[in-house]
Amino acid sequence: MACFRHQHHLAQRLLMHETWRHSFLRHLEEAAAGLPSDLAGLEGDPARLHRMVGCLSLLGPPVLGAYPGARVRVARETGAEEGRLLGPAPVPRLPRDGSQEKQAHEQYWCGCRGVEDALMVVLESNPEGLEVVRRDDVTLEHEDLDASVVEALSARDHKGQGESFLAAAAALVQPLLHVDHTDGTPQYLPRTLERDEERVLESRHPYQENASLYWPLEFPNAEEIVVEFDAQCRTEQECDFVCFYKDSSHTSTWGEPKYHGRDMANWPSREGRPHLVIPADRCIVHFRSDSSDQDWGFRITARARSQTVEYPPPVPPSKRTMLAALVRYWTLRTMAALLESPGAEPSPAMVAAAPQLVDIAVDHSCAVVSSPGAAGPSKPVQFESKHPYDNSSDSYTPVVIKGARKLLVSFDPMTKSERNCDYMVLYRDDTHSSFWGESKYTGGKDGSECNWPGMKGRPPLEIEANHFVIHWHTDGSVNDWGWRMFVTPIMSMGSLFLGDPLRLEAQVAEMNVLVSEGPLPQKAPKNLADFPVQRRPDPGGQAGPPSSSSSVSGAEARAPPPGPGALAPPLGDAATAELVQIQARGLGRGPITYMSCIQATTPRREASDDAAAVGPELPVDAVVGVEKRSPEWIYGQALAGNLPKAWFRLGREGSGGGMWFKELPALAEEVIPVPVASDKEGGGSRDAGSQEDPDEAGDQLPGQRHKRAMDSCSESSEAATHCEVVAPGSAVRGRCETLTSSLASGFAAASTQLATRGLIEMLKRWPAAQPLSIASLGGADKLTAFVAHCFRTKTGVHTLRSKLGEFLRHPKTGGEVATALRLFCRRQLVSAALVRRLQPVKRAVKSEVQSEHPYRDNTDRWYTISFPGARYIELVFDPRTAMENGCDHVTVWKGVGAREQQVGPRLTGQSPEVCYPIPPRPPLRVEGDCCELHFVTDSSNTDWGWKATAFGVMSEPSKAELQAYREFRRDNSSDMKLCHYVLGILVGHLDDPIVAEAMFNA
């Protein structure tokens, strides 16, 4: 690379002479004319193709990379200094003498060990000396075309026709943008594998005393798990048992709360009882025993039909595709460099290429995406202490998972330790100088506060590395169960630096060198016959930008998710339909506070003159929310199911008609939005404020703000000027066997960024002799697509706002542009309205129960919660809840009167972080339509008390409805921040009669 840079510099100097420029143009013209045959592969001349790439490289700056002689910037305490890179260097040794120098050395080189962590540079302030500095303090400097070279090449003397050399070169380069880059090789899709699986879980025979064991049982995407119990299962009645928890909260169970016993046992699969059927694909099996009277134990066989998704291995692109991608990348790099060079003006050939640049900027179809299966989480690795743990322990355990890009750390819900005395620290490396997460993870003993990740609603700890060190420390007294850690690696091939153009350029250059000079070419995988095939676009086809049409027809509107009734009619003609009428039954209805509620006691009904308005026959115990009432009739809606509002006739003594009801307390219905996670294809309404305001980002390119503090002289620069010096080989880490596919992805990503940069620079310097019109960018569709692309990538938004203003002020195109932007915003608003309107919801009734505030001593009280007809109850506690820890508590019991099955842990303590179901922690779920809360206090020390809101869930969306909504949201995605940005531009020009006419009178 250093030799290439030197040759590149000399060749550019030769171009300053007219004779060499003419020869250069002849070579470029010959290479461009022979491009079709060169790309054909066999009959072409490879040397001619290489000559063309060489010519293109001479029209731009040197390739960015960490090679000897590269220009760098080094961060100092006093500011940034420029210099040249020589290469990697070992970390200097620790000084032997001088405690102050030793301390400074340790502080500066903390965490640096290998050759990759240090670089040798020559600074301009000291050209005679060499310095070794940390890699993190060094950034690569972007080098523009030399000003003298640009001045010489811009001289209008080419062939005596008054045309500059750059204009002539651009005329030859512009057709290269039309090179077909699509790949005609098959694209293999993931396949779903179904297989019958069987797993056996069992205790010891006989089992040990004081056991508390948990086994996760999972069959991916299975509809149900069938659990068969062995005929020998025997345990001590009531005391030793097996249960099946629904999730890691250990609050709700599948089946009975306990399976146990000898002669009076309740084991499934015995004495004519059916197998236990779990309608889910996972659960947690728990076995518990006390300190006496053991028996044979248990053995279960779990069977399910699981579904797993297998991703095909990456298929290398064809040779022709790689060559076309190479040519297009260098063409765009050359155009961007020429447009960004000081003093250079866009030539007519460059201006004519604007529509092609828009297509490339917004088209991502050419990217070769690696298998997504390689980027998902793998099976967790387990680490744990003794149970209970030992006193006076001080251990260090390194954790390394090679190939992982991130580690997720969570802990078993059983994890407990003496707070602050026995703790864990997760160090970043062997120096034990810095740590991940909090300084200590500890607590949980006797209900004390704890901060273990992944427990009690806390998220897992994310470690952005593939290694860390576990430090476990205990004191000399008091212990508990200990800890069990689950480390889930997120495996991924080395990622492209899509957010940083300069790092991406350096990465592509490194991969290109390795493909040319490194390992053997990537081979096509052989095990592809069983994967479904989707053909890529035909080479002759044009892959267009994402749809951003200026008209919305009924055929374009995606079908909304299936559900009760017609959810949404077609959108209709966008030019005339200003409002969208959404007829929804059961969805989109707001909460209602009923004047009272009644419960059916008989299933009879009475006919009426208006049979359509009379409610259907209701089952016994059905609950109706009453909105209107007369002496003989009530009007309301059944809270369970999806029935419409109707009239119900009241039964009377001595009358044979009507329905009999009993009065219930008034209930307020709640509409609870159901969170629907986005699938991998993205989508949804991006209006939650997750994006940075592009107006604040200015015209900075992706990654431009990186290490901005080091840049003391280019605050107003609108192009990225430097990037990190990454470790050697980072571009291909995890990609050695898919290098060709990765390079194709790099070319595609870099081409998109270069086209965007080039077009923004072209708009800034648009020639005055060529009026800027909407046709200059290829029409309204391409204009709105490019606006959306620049906004979402935060690229050139100030420039774009200014140029859109010119479009709107233009007398010939102002109305057309205003109409296109208005319809674009309308489509965004309609999509957002539909997505929000049709969001699946739970329908529930709620009530509140609470103690006195503060509560009294010596309390022993039961509170009953009942929602007849509810599927289940969710309990949410007030954040102010506080009770004396261990002495005053609330327990939740399923059902009323039986008091046999406790739900969840005993709720006690003074901190909401202890155990209370307070958001963002999930609610405490009770299966059934009633439950009891038992509140007990001792004779001393009171506090604020507690308050619980109970939701009786009457209906909720099915899995099919959730999936349909997810697909609907993906297909109707919107961006409210983008809409606000475009509307702001339109509003700023309402004083223009043309814009006002397009906005209000169209």
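## Close-up views of side-chain contacts

**View 1. The side chains of Glu 271 and Arg 273 form a salt bridge, with N and O 3.6 Å apart.** A salt bridge here is a side-chain nitrogen of Lys or Arg within 4 Å of a carboxyl oxygen of Asp or Glu. This is a predicted model, in which local features need pLDDT of at least 70 and side-chain atom pairs count only at pLDDT 80 or more, while totals for chains, interfaces and linings use all residues. Residues are numbered from 1 along each chain as its sequence is written, and side-chain values use heavy atoms, with hydrogens and water left out. Glu 271 is exposed, at 63% relative accessible area, and Arg 273 is partly exposed, at 29%. Buried means under 20% relative accessible area, exposed over 50%, and partly exposed in between (1.4 Å probe, protein chains only). The structure holds 38 salt bridges.

**View 2. A salt bridge joins Arg 792 to Asp 975, with the closest N and O atoms 3.4 Å apart.** Arg 792 belongs to helix H14 (residues 780-793), and Asp 975 to the loop between helix H17 (959-971) and helix H18 (976-987), so the pair ties together parts that are 183 residues apart in sequence. Helices (H or I, at least four residues) and strands (E, at least two) are DSSP runs, numbered from the N terminus. Arg 792 is partly exposed, with a relative accessible area of 33%, whereas Asp 975 is buried, at 0%.

**View 3. Glu 874 and Lys 842 meet in a salt bridge, their closest N and O atoms being 3.1 Å apart.** The pair links distant parts of the chain, with Glu 874 in strand S33 (residues 872-877) and Lys 842 in strand S31 (residues 841-850), 32 residues apart. Both partners count as buried: Glu 874 has a relative accessible area of 12%, and Lys 842 one of 17%.

**View 4. Arg 234, Arg 262, Asp 263, Asp 293 and Asp 295 are linked in a salt-bridge network.** The view shows the side chains of these residues.

**View 5. Ser 289 sits in the loop between strand S13 (282-288) and strand S14 (299-310).** Ser 289 is buried, at 7% relative accessibility. Its side chain reaches the backbone oxygen of Gln 208 at 2.9 Å. A polar atom of the Ser 289 side chain also lies 3.3 Å from the backbone nitrogen of Asn 210. These are polar contacts, meaning pairs of N or O atoms within 3.5 Å; within protein, one atom must be able to donate a hydrogen and the other to accept it, and residues adjacent in sequence count only if both atoms are side-chain atoms. Leaving aside residues up to four places away in sequence, Ser 289 touches Tyr 207, Gln 208, Glu 209, Asn 210, Ala 211, Cys 239 and Asp 240. Contact means heavy atoms within 4.5 Å.

**View 6. Helix H10 (residues 354-362) is mostly covered, with 9 of its 9 residues buried.** The buried residues include Leu 357, Val 358, Ile 360 and Val 362, along with Gln 356 and Asp 359. Among the elements that cover them are helix H8 (319-340), helix H9 (348-352), helix H13 (739-764) and H14.

**View 7. Aromatic pairs, of which the structure holds 18.** Tyr 207 and Phe 287 form an edge-to-face pair, 5.1 Å centre to centre with 75 degrees between the planes. Tyr 207 lies in the loop between strand S7 (191-202) and strand S8 (212-218) and Phe 287 in strand S13, 80 residues apart. Both Tyr 207 and Phe 287 are buried. The ring centres of Phe 229 and Phe 244 are 6.0 Å apart and their planes are at 80 degrees, so this pair is also edge-to-face. Phe 229 is in strand S9 (residues 225-229) and Phe 244 in strand S10 (residues 241-245), so the pair ties together parts 15 residues apart in sequence. Phe 229 is buried, at 3% relative accessible area, and so is Phe 244, at 0%. Rings of Phe, Tyr and Trp (its six-membered ring) pair if their centres lie within 6.5 Å; planes under 30 degrees apart count as stacked, over 60 as edge-to-face and the rest as tilted.

**View 8. Tyr 855, Tyr 863, Phe 877, Tyr 916, Phe 935 and Trp 946 make up one aromatic cluster.**

**View 9. The charged end of Arg 199 sits over the ring of Phe 219, 4.6 Å from its centre.** Arg 428 lies over the face of Trp 436, at 3.8 Å from the ring centre. A charge sits over a ring if NZ of Lys or CZ of Arg is within 6 Å of the ring centre and within 35 degrees of the ring normal.
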